[in-house]
Amino acid sequence: MDEQPLRFDTKIAVLLRDDLAPWQRLNVTSFLVSGLGSQVPEVIGAPYEDADGVAYLPMFRQPVLVFEATKEVLRAAHARVLSRSLPRAVFTADLFATGNDTDNRAAVRAVPTGDLDLVGLAVYGPKGGVDKVVKGARMHP
């Protein structure tokens, strides 16, 4: 009997500012989702193994939806994710100028919440809540 695909009542979304260069979009996305995987263990599936028995690391158990939006929509999404207390990760423009994890954290810590120059946001939670957070954004092309 074939296994039916899982349907998730949760969603993982990444919201990127629409003025980022292609390399920045990829870099920001990878950093953001690493934050979710490290703090929300239920998003991680089982390890992989190929037919020869070579093991591979586990990955997210569900798709990651990537959106893009203006700076204003991203700022509003940030306010909504905070008001809903959903697990989230942020990436600010300042992080493009740092070169290590310690400096990354210091760059975010130096700026009040309302003044963060956000270029990316990742969020995980119930579908409806995540949909409300990314309202106004469009799927990344």
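Colleague: Let's start with α2. Which residues of α2 are buried?
Modeller: One thing to keep in mind is that this is a predicted model. In α2, the buried residues are Leu74, Ala77, His78 and Val81.

Colleague: And why do they line one face of the helix?
Modeller: Looking down the axis of α2, the buried residues fall within an arc of 105 degrees, so they line one face.

Colleague: Which exposed residues sit on the face turned away from the buried side of α2?
Modeller: That face carries Glu72 and Ser83, both exposed.

Colleague: What covers the buried residues of α2?
Modeller: The cover includes the strands β1 (10-17), β4 (64-69), β5 (88-92) and β6 (118-126), along with helix α4 (127-133).

Colleague: How many residues does α2 have, and how far does it reach?
Modeller: Helix α2 runs over residues 71-84, which makes 14 residues. From first C-alpha to last it reaches 20 Å, close to the 20 Å expected at 1.5 Å a residue. Just after the helix, Ser85 takes a positive phi of about 55 degrees.

Colleague: Switching over to Arg17: buried or exposed?
Modeller: Arg17 is buried, because its relative accessible area is 10% and the cut-off for buried is under 20%. You'll find Arg17 in strand β1.

Colleague: What does Arg17 touch, leaving out residues up to four places away in sequence?
Modeller: Its contacts are Arg25, Ala69, Thr70, Lys71, Leu74, Asp117, Leu118 and Val119.

Colleague: New topic, aromatics. How many aromatic pairs are there in the whole structure?
Modeller: The search finds three. One involves Phe91 and Phe96: their ring centres are 5.2 Å apart and their planes are at 50 degrees, so that pair is tilted.

Colleague: Phe91 first, then: buried or exposed?
Modeller: Phe91 counts as buried at 4% relative accessibility, while Phe96 is partly exposed at 25%.

Colleague: Last one, the largest pocket. How much space lies in it, and what lines it?
Modeller: The largest pocket holds about 280 Å³ of space. Its lining includes Phe31 and Phe91, and among the others are Leu32, Gly35, Val90, Asp101 and Arg105.

Colleague: Which element supplies the largest share of that lining?
Modeller: That's α3, with four residues. Helix α1 (22-39), strand β5 and helix α3 (101-109) each supply at least two.

How values were computed. Residues are numbered from 1 along each chain as its sequence is written. This is a predicted model: local features need pLDDT of at least 70, side-chain atom pairs count only at pLDDT 80 or more; totals for chains, interfaces and linings use all residues. Side-chain values use heavy atoms; hydrogens and water are left out. The expected span of a helix is 1.5 Å times one less than its number of residues. Buried means under 20% relative accessible area, exposed over 50%, partly exposed in between (1.4 Å probe, protein chains only). The arc is that of the directions from the helix axis to the C-beta atoms. Contact means heavy atoms within 4.5 Å. Rings of Phe, Tyr and Trp (its six-membered ring) pair if their centres lie within 6.5 Å; planes under 30 degrees apart count as stacked, over 60 as edge-to-face and the rest as tilted. On a 1 Å grid over the protein atoms alone, a cavity is a set of points where a 1.4 Å probe fits but cannot get out, and a pocket is an open set with protein on both sides within 12 Å along at least five of seven lines; lining residues have an atom within 4 Å of a point. Grid points are joined across faces, edges and corners, and a volume is the space filled by probe spheres set on the points.
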